[in-house]
Structure formats: C-alpha cells, structure tokens
Amino acid sequence: MVTENRGKSSRMEVDVGGITFKNPVLTASGTFAYGIEFAHLMDLNSIGGIVVKGISMKPIAGNAPPRIYETSSGMLNAIGWQNIGAREFVENKLPALRKYDTRIVVNVVGFSLEEYLEVIRFLNDHPGIAALELNISCPNVKHGGFHFNKDPRDTFKVTSKARKASRRIPLWVKLSPNVTDIRVFARACEDAGADAISAINTLVGMAVDVQKRRSRLRFVTGGLSGPAIKPVALRMVWEAAREVKIPVIGIGGIASTEDALEFLVAGARAVQVGTANFYNPAASQRIVEGLAEHCRSHKIKDINDIVGSLRI
Ligand SMILES: Cc1cc2nc3c(=O)[nH]c(=O)nc-3n(C[C@H](O)[C@H](O)[C@H](O)COP(=O)(O)O)c2cc1C
C-alpha cells in the first residue's frame, strides 16, 4: 500500500522472512476465525495478512465450556485447539480466502512432533499459503503445543524438523511468554532455521467464582490476552528483536494505531491484532489506516524506518 504524502508516497510494505506484506498489520490466530467470516464486517483487502485459527490434521472439538471469561482489561480463554482440520480447511476455506488481496498465514498445531510435520507436509502441497506459523505456545492443551516451548532444546528440535518439512512455505515460530527468558527460545528458533518469530501467545492465568468455589473455566487455567498483557508483550518483543536477526512479529493487546506503533518502534517488523477483533472486528483495518496517516503526517517515507527505532 502506498499513501500520498504531499506528492510523495509512504512505503507501507514490509518483508517478513522473504515474503512481502503490503502493510505490517495482520490478524492473530484464533481471534479471526478463518478470515472469511469477517468479510461482511470489514475490508479484508485492506490488511497485510490473516493468520487463521490453529489447524491440526484431523478436526478437533476443543475444550468443554465455560472456556472464555472477561477479566479487567483482558480475557481468559481455554478454547483448546478447536478447528475443522487441514483437509476441510484447504477444500472449503482456502479457495474463498485466496480471492482476497491479502496474505494467508496458517497457524499449525500438533499433539506430537509427527502431527506437526504431517500438517506441514500436507499444507505444502496447496498453493496460496504465504507462511506457516508453528504454534508451540498454546497453554490450553495437555499434550504437544507449549510442551515444545519449555526447554530450548525441544524448541530447536521441533523448529528444525518443521523447517525441513516445509519445503516451499516459510516457517514462523510462535513463542510463549510463559518462560523466564524469551531470548533463549528466540535464539533456538533462529539457529534451527526459522524464517521469523511471532511473539507472544497468551499468559497463563485463572479466575475463581467464589460463590461456587470453582474456576471460571472448565479447564481451570486459561490464556490471558488483551490490553492487560501489552506491556509484557512489548518488553518480550523488544528483547527478542535485539537477540535475533530474523524478523519478529509483535502480538499482545494491540487495539489501536498507537499500540501498533509501540511494537514497531520496539523492533517488531509486523504486528498481529487479536482480542481487539472480538469487540471491534474492523480494528486491524483502522490500524492500517492509522499507520498510513501517521506516516503521512510525520513525513515518514517508509514504514520500515520506524522499525526498531527505539532510543535508549
Ligand atoms: C479465543 C482465542 C483463541 C486463540 N487461539 C489461538 C490459536 O489457535 N493459535 C495461536 O497461536 N494463538 C491463539 N490465540 C492467541 C492469539 O493469537 C494471541 O497470540 C494472543 O491472544 C495475544 O494477542 P491479543 O492480546 O491481541 O489477543 C488465541 C487467543 C484467543 C483470545
């Protein structure tokens, strides 16, 4: 996307691991369904990309309800990996999605290493997918997922095998904030050949109904997202971006242009909008417009000039 700047134009394209996105705003996995469900609520052509809900080889029903609970400035979810499965996705969602002028990124989930690889190999046979985002950071499953993000050696192993399995499509790895030092995991991903890092997934939390003396969620714990996690996400993105050379995609509590700018300044090459979609389905489109306006009014020729511009 190019925006007029008193006769000059601001460049909005960003390169993430060898793929050009027309602007740096994507929607986050699990908060934007398979994308097409939002087509009547906003202009899907306006955003840089859509990261679809985590896809497994076979369909998954997800966890039992209650599995969503609103907190102060945030939301707890324990959806689990509810999804329609890879085959159904490529047959019934991808063809409609591909008609839009936006990049499609598929978030990949698996209960074991072999399951991740199976989904990756399968998706590699289907055109129209710009990148795969390896989800090793979901806190709401009992096997797989986050268990590969507890020890950097496991992160290295799953990333390098996934990288080899993805013959054609770039591989991003989505990291958890539920670790002591995200830099160690970012490094493991880069060393294993990841093309980019997405950070962060949700923070493990819980809420209690004191009348019933039960957790508000059937799964007991859940993942905290929304404005409440933004400062933590920002700090982790900043740390990761200083640690590795591959691009970092910033996620966590982004709801406004200002939020997105904070992440770009801290070092994110692109951002993903998550929980904000639940109360403002057009949030990502508004942020694209806001970034273009920011560049115009500040006479910034290239949005990449903002990336990592934090003064310390
Ligand atoms: C209801 C819900 C479902 C989610 N499902 C996924 C998922 O399938 N895969 C994934 O990597 N992240 C998933 N996430 C995490 C988000 O993509 C994002 O990393 C997180 O919510 C932080 O961003 P936010 O504060 O903007 O929501 C989910 C988040 C929510 C709220």
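This is a predicted model: local features need pLDDT of at least 70, side-chain atom pairs count only at pLDDT 80 or more; totals for chains, interfaces and linings use all residues.

**Helix packing and its surroundings**

Modeller: Two packed helices are described by the angle between their axes and the distance between the axes. The crossing of α4 and α5 is right-handed. On the α4 side, the residues in contact are Ile182, Arg183, Ala186 and Arg187, and they meet Met236, Glu239, Ala240 and Glu243 of α5. Sorted by class, this contact holds four nonpolar and four charged residues, with no polar ones.

Helix α4 also packs with α3, which spans residues 152-165; here the angle is about 30° and the axes are 8 Å apart. Angles under 35 degrees count as roughly parallel, and α3 and α4 are therefore roughly parallel to each other. The crossing of α3 and α4 is right-handed. From α3, the residues Pro152, Thr155, Phe156 and Thr159 meet Val184, Phe185, Ala188, Cys189 and Asp191 of α4. The contact of α3 with α4 comprises six nonpolar, two polar and one charged residues.

Rolling a probe the size of a water molecule over the atoms shows where empty space is left. The largest pocket has a volume of about 680 Å³. It is lined by 45 residues, of which Ser29, Gly30, Thr31, Lys53 and Asn77 are the closest to its centre. Two or more lining residues come from each of β6 (49-55), β8 (74-77), β18 (270-273) and α7 (276-279). The largest share, three residues, belongs to α7. By class, the lining of the largest pocket consists of 23 nonpolar, 20 polar and two charged residues.

The second largest pocket holds about 210 Å³ of space. Its lining is made up of Pro66, Ile68, Tyr69, Asp209, Lys212, Arg214, Ser215, Arg216, Leu217, Arg218 and Val220. Strands β7 (68-71) and β15 (214-215) each give at least two residues to this lining. In the second largest pocket, five lining residues are nonpolar, one is polar and five are charged.

Most residues other than glycine have a negative phi, and most peptide bonds are trans. Proline 66, named above in the lining of the second largest pocket, is joined to proline 65 by a cis peptide bond with omega of about 0°. Proline 66 sits in the loop between β6 and β7. A cis peptide bond also runs from alanine 199 to isoleucine 200, with omega near 15°. Isoleucine 200 belongs to the loop between β12 (196-199) and β13 (203-205).

Serine 73 has a phi near 55°, and serine 73 lies in the loop between β7 and β8. Arginine 213 has a positive phi of about 50°. Its place is the loop between β14 (208-209) and β15.

Definitions and conventions. Residues are numbered from 1 along each chain as its sequence is written. Side-chain values use heavy atoms; hydrogens and water are left out. On a 1 Å grid over the protein atoms alone, a cavity is a set of points where a 1.4 Å probe fits but cannot get out, and a pocket is an open set with protein on both sides within 12 Å along at least five of seven lines; lining residues have an atom within 4 Å of a point. Grid points are joined across faces, edges and corners, and a volume is the space filled by probe spheres set on the points. Helices (H or I, at least four residues) and strands (E, at least two) are DSSP runs, numbered from the N terminus. Ala, Val, Leu, Ile, Met, Phe, Trp, Tyr, Cys and Pro count as nonpolar, Asp, Glu, Lys and Arg as charged, and the others, Gly among them, as polar. A crossing is left-handed if the near helix is turned anticlockwise from the far one by less than a right angle, and right-handed if clockwise. Contact means heavy atoms within 4.5 Å. Axes are lines fitted to C-alpha atoms, for helices over the stretch in contact, and angles run from 0 to 180 degrees between N-to-C directions. Angles under 35 degrees count as roughly parallel, over 145 as roughly antiparallel, 65 to 115 as roughly perpendicular and the rest as oblique.
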